[in-house]
Amino acid sequence: MAIQMKATTLLEAMYYLLNQARRYNPNDVAPPAAVIWTDADGQWEPIVPELQELMPELLILGEYDPDSKQGPAIWIRCVVDGMLDIGLPSKTIPVIYLPRVPRQTLRAAEECPDMLKPLVELQYRGMVWTQRNGKDWTVEAMLVSQDGLGLDVAKDRQTRQAMLVALSQLAVTPIERLRGKRLEAEDFDRLMLGDTERELLLWINDPVSTKGEWGDEKWAAFCSRCRADYGFDPESDGELVAAEKLGLKEKDRWQSLWARYAEAPTLYPGIPDKLRRAKPTSLVFDYEPWPDFNEAEEASLREDLSELEKSSPVDARTRIKVLESRHGLRREWVWAKLGESPLAIALEHLVALAEITTRGIGGSSPEEMAQLYIEGGYQADHAALMAMGSIRTAEDYGAIQVAVRSIYLPWLEDASRHLQDLMANEPLPNATSDAEHLVIAEPGQCLLFVDGLRFDLAQRLIAMAEAKQLQTNCTWRWAGLPTVTSTAKPIVSPIKNQLEGEQPSEDFAPRIRGSGTILDSNRFKKLMDEAGYQVLGPSIVEQPDNGTSRGWAEEGEFDRLGHTLQGKLATQLDEQLELVLDRIQGLLMSGWRQVRVITDHGWLLVPGGLPATSLPKYLTESRWARCAAIGPDTYVDAPTYGWYWNKYYSVAFAPGVSCFVRGNDYAHGGVSLQECVIPDLTFSLSAVPFTDVDISELKWVGMRCRVVTDATSGDIMADLRTKPNDAGSSITTPKKIDADGRVSLLVADDTLEGTVVSLVLIDQTERVLAKLTTTVGGDM
C-alpha cells in the first residue's frame, strides 16, 4: 500500500515527502539545520526548478546563481547558517539538492572533495533524505516504492530510459492516470508526444514567462493548435479570453481543459486571478469556476454561522443542516482543494456534530454511560475538533466558535452532570478497587505512555495505524481522580503497587511506599529501572536488549500544547498523532514485538471558553482549573469525591464542564466522560504467534554472511537489514534457511562494508522471529 498523501502528481508527492523529512518534535530535539538530498546520477535535475516554485527554501548545489538559489557548497553553508540572507521563508528548514553527488561521498569525510567539505558537517546537524534502505531516491524508486507512489512499472532497460526522458511531463501528470496498469516504455513515450492542455494551462497561468521560455517556433505552433483545437488565438485574444472560455466550459475541449486544471490546481497558481478578472458580466449558471462566487459564499456562510449565537441548540442544529444543503457541494469544487473553502469543509463536521448531539448520553450507571460513549458518543468530540481544525483565520474561527458552542457545550454539560450525579452513589475505581488491574508489559512489549491521548484521538490513531497495515486493538479503562497527570500517570504504570496515598501534595502526586517521598519524574524512572524495565529516552527508538525485554517510552505533547494553545490545539492534532505513530512504527521496526499505548487522562476543549464557577480560594488547599484540594472539615458547594490514592481524602470538582478559573478553552482534572474514559491500545505487525528460533552462529567471509540457526521449518527466511522490522531496508537478497538450519547471504554493494545492520529471521508473514546485530564484512 503506497504512502497516504494529499498529492495528485509526482511533483506534489516530492514536495510532500521532503516536508515529511523535515518533521521533528520541537520539545525533544533541536530543528535539523537542513535536509540534504543527494542524487548520484542527477536524475531529478529536470524538475528541480518546478519543485522550487512549490518549495522556495530549496537550495541547489551548482554554479553561483543566487537568483535561482543556486551556488557552491560554501555559499550554501553560509545561507544555512544565517550568514547570508537570500530571502528564504522565515522559520523554515532548507532543503539542499546535490545533483551528481552520491551519499557515500559525504559520508566519507576524509575522502570528500574539498569543494563539498563545507556540507559534510550538515549531515550531522541535519537530515539526509533517503529511502528506508539508506539509498538515494531514484525516479524508479519513487514510482514503485510503497513509501512513494506505489505504481506498477516494468523493470526493463527501455522503460527505465523512457521514464527519465519523460520526467518533466511525468512530474505533472495526474497520478490517477498512471494507476491500475503496468507502465512500460510506450506509456512514458506517449507523455512526450505533446500535451496541448498542459501547455495552454501553463500559458494562462503565466503568459509572459511561458512565451519567453518557448521561443518563436514553439509559440507559433502553440497558437496554431489553439486556433484549430480551441477556437481562439492566444496572440490576438490574450490570456483573459482564454480564462473566460476556461470558466464557461462551453465546448468539450474547454470542459476537458477545466477537468485537467481541477486535477492539480496547485501547479497553476496564477489561474485563479485570471478567472477572477475574466468573469463575464452576463448571467452564468455554473458557479464553480469563478473564485469570487466561492468567496462570497464563504462570507455568507460565516455570517450565518455567527448568528447561531442567538439560537437554541435545537434551532442551531436545524439551521446547520439547512446551510449544508446550500454549501456542501462546494467541498467538491476546485477551491476546496486550494484551501479557499475552509468554512464549507468545517460545515461537514458541524453537520456530524449536530446529528450526534441530538442524542444525549444516558445510562443508569457510570459503566453504562462509558459504554454509550465508546460506542459512538466520542464522535461528537471528534466532530468538534475537526470543525475547529479546519480553520486558520481569526474571522473564520469566530464563526466556528459560535456554531460549536451552540450545540456542543449544552450536550457536554448534560452528560457531565449526569455522570457526576451517578458517581455520588457509584464512585469510580480507586487504589483499593478489585477491578483495578496492574499495567505490566509482556515479554517483548514496550509500554508507550502518551500524555492526554483522549479517546477520540485514540480512534484517529488506530485508523492511521491500520492504513499502515498495523494490527491494532482497543480497550478502555477509568482514569484516576482527579484527572491530572501526577495522580493518573502512575496508575497506568508497572510501579503502581509501590505507591500509596496519605495526604496529597499540591499537585496530587502519590508517595513511594516505605520511604514516604513524593513521586517525581526522577524517582519514577528509578523505580521503573529497578522493576526491570528498559526505559527509553524521549523520541529515541532503541532495540530491545533481548527477546524478553520489557520497555517503557513516552511520546506526545497533547496536554502541554492544550494548556499552551488552548483552542488552537485542534490545528496541531494531526501532526502530533503522526509523531506518535512514527514512534510506534519505529519501536516495532527496531524489534519490539508489540507496543501498548497507555495514557493518563482526557480533557475538555470548547472554543470561547468553558463556563466558570465560583470556589473561594480560602476554602482550598490547592486549586486547579477543574479540581481543588479541600480540608477535612471544609464544606464547598461543588461535587466531592475521594482521591484515587486515598478515598478518604476529598477532592472538590467543578460541576458539569465548568472551571474554578476563568479563561480556559482547554482544561482537565474534573469529572466528565471526556476526561475519565481513557483508551488502552496495542499495536503489532502481525497477529500470528511467534515461532521460537535462535541464531547459533554468524560469520563473515568477505562480503558474505554465513549463518547457522536451530530452525527446522523451510518457511523461515534470513535477511540483512538496517532496520530489523523494515523489509525496505534490506541490503541483500533474502534466502530460505536450508534443512540443516544454514544460510549464506551476499552483500553485493561493497560501499556498505562497515555498516551496522541486523541479521533477521522472518516467517511467512514477514515478521521477525530472531535478530542479531552485526557489522557488514566484520566479525560478529
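Predicted model: local features only at pLDDT ≥ 70, side-chain atom pairs only at ≥ 80, totals over all residues.
The structure contains 27 aromatic pairs. In the pair formed by W203 and F232, the ring centres are 6.1 Å apart and the planes meet at 40 degrees, so the arrangement is classed as tilted; the tilted class lies between the limits of 30 degrees for stacked and 60 degrees for edge-to-face rings. W203 belongs to helix α11 (residues 196-205), whereas F232 is located in the loop between α13 (216-230) and α14 (234-237), and the pair therefore ties together parts that are 29 residues apart in sequence. Both W203 and F232 are buried. These two residues also take part in one aromatic cluster, together with W214, W219, F222, Y230 and W254.

Charged side chains are also placed over aromatic rings. Y230, a member of the aromatic cluster, has the charged end of R253 over its ring, at 5.8 Å from the ring centre. K489 is positioned over the face of F524, with a distance of 4.9 Å to the ring centre.

T138 is situated in the loop between β5 (127-128) and α7 (139-144). Its relative accessibility is 28%, and T138 therefore counts as partly exposed. Apart from neighbours within four places in sequence, the residues in contact with T138 are Q43, W44 and Q131. A polar atom of the T138 side chain lies 3.0 Å from the backbone nitrogen of A141. Between T138 and W624, which are 486 residues apart along the chain, the C-alpha separation is 55 Å.

Technical notes. Residues numbered from 1 in each chain as written. Heavy atoms only, no water. Phe/Tyr/Trp six-rings, centres within 6.5 Å; stacked < 30°, edge-to-face > 60°. Helix = DSSP H or I, 4+ residues; strand = E, 2+ residues; numbered from the N terminus. Buried < 20%, exposed > 50% of the residue type's maximum accessible area, 1.4 Å probe, protein only. Lys NZ or Arg CZ within 6 Å of the ring centre and 35° of its normal. Contact = heavy atoms within 4.5 Å. Polar contact = N/O pair within 3.5 Å; in protein donor to acceptor, adjacent residues only side chain to side chain.
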